[in-house]
Every structure is written in C-alpha cells, then in structure tokens.
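Please read this briefing alongside the sequence and the coordinates.

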Amino acid sequence: MILETERLTLAPLVPADAPYVYPFMSDPEVMAHWDRAPVEDPDEVAGAVAAQVEEMEQGKALYWAIRLTRTGRFMGYCELVDLDWRHHRGELGFIIAREDWGQGYATEAVKAVLAHCASSGLKRMVARTHVGDSRSEKLLLKLGFEQEGYLKGHVDREGERRDCRLFGLLF
Ligand SMILES: CC(C)(COP(=O)(O)OP(=O)(O)OC[C@H]1O[C@@H](n2cnc3c(N)ncnc32)[C@H](O)[C@@H]1OP(=O)(O)O)[C@@H](O)C(=O)NCCC(=O)NCCS
C-alpha cells in the first residue's frame, strides 16, 4: 500500500532499493543508535533488504521506502516489525539519511504510517530507542508515545550491551 503525505511518498521496500539504503546503513552517524553496527559491504545491505522483502511476503512485517515526492529522492525507510494480529500490535522503527535530518521528514512519514496502522486495525504500537538517542525520543513523545519501560542491556552491539527505552502508544 502506497502512502502519500504533503511532501513524501512511502512505498513498500523492494530489492531494487538496496543501493539507496546502502549510503545511510553504512553511515556511522545514522547508525549510532541502531541495533546493528554500520554495514560496510553493499552486498550485506542487499541481503538485508532481500530478507526484509521476504518478511513482508510472509506477513510478518512492513517496510516503507520514504521518497521525496517532488524529486523521487530516496531518503530512508519506516518499518513495522513483529506484527502480531492476534494482539493487534507491532513495533515501529524509522531511519532517515543524515543530510535530511531536522526537516520534519520523519515526523511526516511516521504520522502517515501510524494512521495506516490504526486504519488497518492495529491497536497498539511499541518503539524502542537506545539510551542517548534524544532525536528519536523527542519524535516519539511528539507523536503521542509514552515511555513505558527501561530495558537494561537489551541490545548486544558487537559485544557492547546497550540499555534501551521502551515507548508505547495505544490507538
Ligand atoms: C530519529 C530520526 C529518524 C529523526 O529524523 P528527522 O527527519 O530528523 O526527524 P524530524 O525532523 O521529523 O523531527 C526530529 C525532532 O527532533 C528534534 N531534534 C533535532 N536535533 C535534536 C537533538 N540533537 N536532540 C533532540 N532533539 C533534536 C527536531 O527539532 C525535531 O523536533 P521538532 O519537530 O519538535 O523540532 C533520524 O535522526 C534518524 O534517522 N536517526 C537514526 C536512526 C535511528 O536511530 N532511528 C531510531 C530507531 S527507532
């Protein structure tokens, strides 16, 4: 399902998007608070995108490529993972290329994804941030999420255990 906002077009991720995902997946600043470390090998990114597409085909997750409608420029993606239709819930994630930060693009994209989730019958969203990721925390609070938990050493990033904050939203 394609989602349109004032400035953005969100379309399901496809394998051909991998070369556009690589620049930000390999950027240490963008990946500073992501569960996996920056990926240096473009083939590894292509493999990750292929796995994401497969998850979508299996109905386990949704990934939307975010593009600027005016130019078609690829700027990031929004993900809805761990989809659970028994409990009507899913986990939200978002990533935007560094040069596009601070212009409200993530806010605009995530709002559209949340509206789509609500109209699809989901009742509950969670999102997780690494402690210290104030940009994502601010974004989630602005969109109505509340902090519901603090997860000690939740992530293993190349041997480093990281604490996370758990945010939740009920529609
Ligand atoms: C988090 C992220 C998606 C935000 O994207 P973005 O397009 O810059 O977000 P927006 O412009 O819509 O909004 C970000 C908010 O953070 C604010 N912000 C900017 N810099 C900030 C900072 N250093 N500290 C706190 N807040 C900051 C902005 O002012 C804005 O709030 P406002 O609209 O009230 O002014 C982007 O930084 C990113 O891709 N980060 C890396 C990926 C990641 O770790 N994702 C989180 C995992 S779920």
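The notes below are grouped by topic.

This is a predicted model, in which local features need pLDDT of at least 70 and side-chain atom pairs count only at pLDDT 80 or more, while totals for chains, interfaces and linings use all residues. Residues are numbered from 1 along each chain as its sequence is written.

**Overall fold**

- The protein chain has four helices and eight strands, where helices (H or I, at least four residues) and strands (E, at least two) are DSSP runs numbered from the N terminus.
- Read from the N terminus, the order of elements is β-β-α-α-β-β-β-α-β-α-β-β.
- The radius of gyration of the protein chain is 15 Å, close to the 16 Å that the globule rule gives for 171 residues, so the chain is as compact as a globular protein of that length; the radius is taken over C-alpha atoms, and the rule is 2.2 Å times the number of residues to the power 0.38.
- Taken along the principal axes, the box filled by the C-alpha atoms of the protein chain is roughly 40 × 35 × 35 Å.
- Of the contacts in the protein chain with a separation of 6 or more, 59% are between residues 24 or more positions apart, a contact being two C-beta atoms, placed from the backbone, within 7 Å.

**Sheet**

- Eight strands form an open sheet with mixed pairing, in the order β1-β2-β3-β4-β5-β6-β8-β7; two strands pair if DSSP finds at least two bridges between them.
- The edge strands, each pairing on one side only, are β1 (3-4) and β7 (146-157).
- Strands β5 and β6 run parallel and are joined by four bridges, and G90 has M125 in β6 as its bridge partner.

**Burial and core**

- Buried residues make up 29% of the 171 residues in the protein chain; a residue is buried if 20 or more other C-beta atoms lie within 10 Å of its own, exposed if 12 or fewer, and partly exposed in between, with C-beta atoms placed from the backbone.
- The largest nonpolar core has 40 residues, and those with the most contacts inside it are W64, I66, C78, A109 and V113; such a core is a set of buried Ala, Val, Leu, Ile, Met, Phe, Trp, Tyr and Cys residues joined through C-beta atoms within 7 Å.
- Helix α3 (residues 105-119) gives the most to this core, with eight residues.
- A109, found in helix α3, is buried, with 24 other C-beta atoms within 10 Å.
- Leaving aside neighbours within four places in sequence, A109 is in contact with T5, L8, L10, I66, C78 and F94.
- Not counting residues up to four places away in sequence, W64 touches L3, L10, A11, P12, L13, Y77, C78 and V113.
- In helix α1 (residues 18-25), six of the eight residues are buried, and these residues pack against α2 (42-57), β4 (74-84) and β5.

**Ligand surroundings**

- Of the 23 residues around the ligand, I96, W101, A106, T107 and S134 come nearest; a residue is near a molecule if its C-beta atom, placed from the backbone, lies within 6 Å of it.
- At least two residues of this shell come from each of β5 (89-96), α3, β6 (124-130) and α4 (134-142), and α4 supplies the largest share, six residues.
- The shell has 10 nonpolar, nine polar and four charged residues; Ala, Val, Leu, Ile, Met, Phe, Trp, Tyr, Cys and Pro count as nonpolar, Asp, Glu, Lys and Arg as charged, and the others, Gly among them, as polar.
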